[in-house]
Amino acid sequence: MKKIYMDYAATTPVDPEVLKEMQPYFCKQFGNPSSLHSYGQKARKAVESVREKIGQFLNASPDEIVFTSGGTESNNFAIKGIAYANKERGNHIITSVVEHHAVIEPCKYLENQGFEVTYLKVDKNGFVNPDDVKEAIKDRTILISIMHANNEIGTIQPIAEIGKIAKERGIYFHTDAVQTFGHLNIDVDEMNVDLLSASAHKLYGPKGVGFLYIRKGTRIIPFLHGGDQERGRRASTHNVPGIIGLGKAVELARKKMKEENVYLKRLRDKLITGVMRKIEETILNGPVVDEPESSDKRLPNNVNFGFKYIEGESLVLSLDMKGICASTGSACSSQSLEPSHVLLAIGLPPEIAHGSLRLTLGRYTEEGDVDYVLKVLPEVVSRLRSMSPLYRAGRDG
Ligand SMILES: *Cc1c(COP(=O)(O)O)cnc(C)c1O
């Protein structure tokens, strides 16, 4: 059976060109960038050229890029690093209720350490209102952290506007751009961000590598203490093959991004329209796409539905048996009984949040895959509903 992967928001396959670029750095050019000899110099040069490439891509300077082990580390670094370095200025942090766990959990940790965190609410499509950010600011506010785009429902936040507010008030602004780096245009000056997190495995690079952009002059404490790698900001021997892979992924993104987005948006909209037409009692979670303006406020590859009378986990498992790999915001995906905090935050009643399905498309998604999903999904939903007492009661009544 052909497998259809529609979970690109969870991770992406490594692009073969990325792998090819990485390969020599395992067995041949294995040097430690901190070594003085030629092996070391060669590795260092390669790492520095990636730093430059990323800097250019973001309109940042290379020494504002610090390599990390990925999105989770970058978020932890940004949030804890700013909090501890600026605690004499204040102890208040502003974030939102729809952030990734890699932002929410460090914030909760800091609450236990005596910091105060405001979790801003969002509207029914998942948007943070910049006026709410303005209103939440206190004299003691030292950091605002709002994600660029949501990994579950694809909402793209008004980052530039929020950044402007932060800038005017002299407050550091961090954005988790793990879902957008390498997918949307990012200019750290236009977006007014001081810190930005990214991760290679969300853009066809390897897992376990990413970076944190830190604007020059930002007061932050190092995340890992040890050697003086990354100019003392992040100790540990560089993940050279990983960084090389990230660099190649960025180069490919730069070339392909624009065209890929046109393609993905078309498939996304086809999937949304098709499913909404074919399956009754279905909700599109996240921003609507029927007008050009709103369409651009949703990630080009993100689709998320709520199906009434269905349990998301059974749906995902049933689809997997048909060769379709998707994800749900329901229950045990997070090993708790609570449905996704994001779906609850946009006001879905728990029973609909439990029946959610996320399909995220990517570089290797074919039109035929979308057609196959449009054929199989209605059948599966209908079968699962026929087993639901609530659904049957609705029919019979
Ligand atoms: C995947 C993801 C992360 C975590 O990144 P890792 O590199 O897997 O640690 C953080 N934030 C968002 C929005 C993500 O999608």
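**Entry 1: a pair of strands**

In which sense do strand E3 (residues 92-96) and strand E5 (residues 141-145) pair, and over how many bridges? I looked this up first in the predicted model. E3 and E5 pair in the parallel sense, over three bridges. A reminder to myself: strands of a sheet pair through backbone hydrogen bonds, either parallel or antiparallel.

Before going on, I checked the confidence values. The protein chain has a mean pLDDT of 96, and 98% of its residues reach 70 or more. Among the elements of the chain, strand E7 (residues 195-199) has the highest mean pLDDT, 99, while helix H14 (residues 389-396) has the lowest, 78. I keep in mind that where pLDDT is low, the predicted coordinates should not be read in detail.

**Entry 2: the sheet of seven strands**

Next I wanted to see where E3 and E5 belong. I found them in an open sheet of seven strands, whose order is E2-E8-E7-E6-E5-E3-E4 and whose pairing is mixed. Which strands stand at the edges? They are strand E2 (65-68) and strand E4 (116-120), and each of them pairs on one side only.

Helix H4 packs on it and touches E2, E3, E5, strand E6 (172-176), E7 and strand E8 (210-214). The direction of H4 makes about 160 degrees with that of E7. Helix H5 packs on the sheet too, touching E3, E4, E5 and E6. For H5, I wrote down an angle of about 145 degrees with the direction of E4.

**Entry 3: H4 beside H5**

Two packed helices are described by the angle between their axes and the distance between the axes. I looked up both for H4 (residues 71-85) and H5 (residues 101-112): the axes come within 9 Å and cross at roughly 30 degrees. Angles under 35 degrees count as roughly parallel, so H4 is roughly parallel to H5. The crossing of H4 past H5 is right-handed.

Which residues meet here? On the H4 side I listed Thr-72, Asn-75, Asn-76, Ile-79, Lys-80, Ala-83 and Tyr-84. Their counterparts in H5 are Ala-102, Val-103, Pro-106, Cys-107, Tyr-109 and Leu-110. Sorted by class, this contact has nine nonpolar, three polar and one charged residues.

**Entry 4: H8 and its two neighbours**

I moved on to helix H8 (residues 240-278), which packs with helix H13 (residues 367-386) at an angle of about 15 degrees, the axes being 10 Å apart. That angle makes H8 roughly parallel to H13. H8 passes H13 in a right-handed crossing. Among the contact residues I marked Tyr-263, Leu-267 and Leu-271 of H8, and Val-370, Leu-374 and Leu-377 of H13. The whole contact of H8 with H13 divides into nine nonpolar, one polar and five charged residues.

The other neighbour I checked is helix H3 (residues 38-58). H3 and H8 pack at an angle of about 35 degrees, with their axes 9 Å apart. Is this crossing left-handed or right-handed? The crossing of H3 and H8 is left-handed. Residues of H3 in this contact include Ala-43, Val-47, Val-50 and Phe-57, and those of H8 include Ile-243, Leu-246, Val-250 and Met-257. I counted the classes as well: 12 nonpolar, two polar and three charged residues.

**Entry 5: the sheet of three strands**

My last stop was an open sheet of three strands, ordered E9-E10-E12, with antiparallel pairing. Strand E9 (282-284) and strand E12 (356-360) each have a single partner strand, so one side of each is left without a neighbour in the sheet. Neighbouring strands are turned here by 25 degrees against each other on average, direction ignored.

Strand E10 (residues 302-307) and E12 pair over five bridges in the antiparallel sense. One example I noted is Asn-304, which stands opposite Arg-358 in E12. Finally, I came back to H13: this helix lies across E9, E10 and E12, and runs at about 25 degrees to E10.

Notes. Residues are numbered from 1 along each chain as its sequence is written. This is a predicted model: local features need pLDDT of at least 70, side-chain atom pairs count only at pLDDT 80 or more; totals for chains, interfaces and linings use all residues. Side-chain values use heavy atoms; hydrogens and water are left out. Axes are lines fitted to C-alpha atoms, for helices over the stretch in contact, and angles run from 0 to 180 degrees between N-to-C directions. Helices (H or I, at least four residues) and strands (E, at least two) are DSSP runs, numbered from the N terminus. Angles under 35 degrees count as roughly parallel, over 145 as roughly antiparallel, 65 to 115 as roughly perpendicular and the rest as oblique. A crossing is left-handed if the near helix is turned anticlockwise from the far one by less than a right angle, and right-handed if clockwise. Contact means heavy atoms within 4.5 Å. Ala, Val, Leu, Ile, Met, Phe, Trp, Tyr, Cys and Pro count as nonpolar, Asp, Glu, Lys and Arg as charged, and the others, Gly among them, as polar. pLDDT is the predictor's confidence in each residue, from 0 to 100. Two strands pair if DSSP finds at least two bridges between them.
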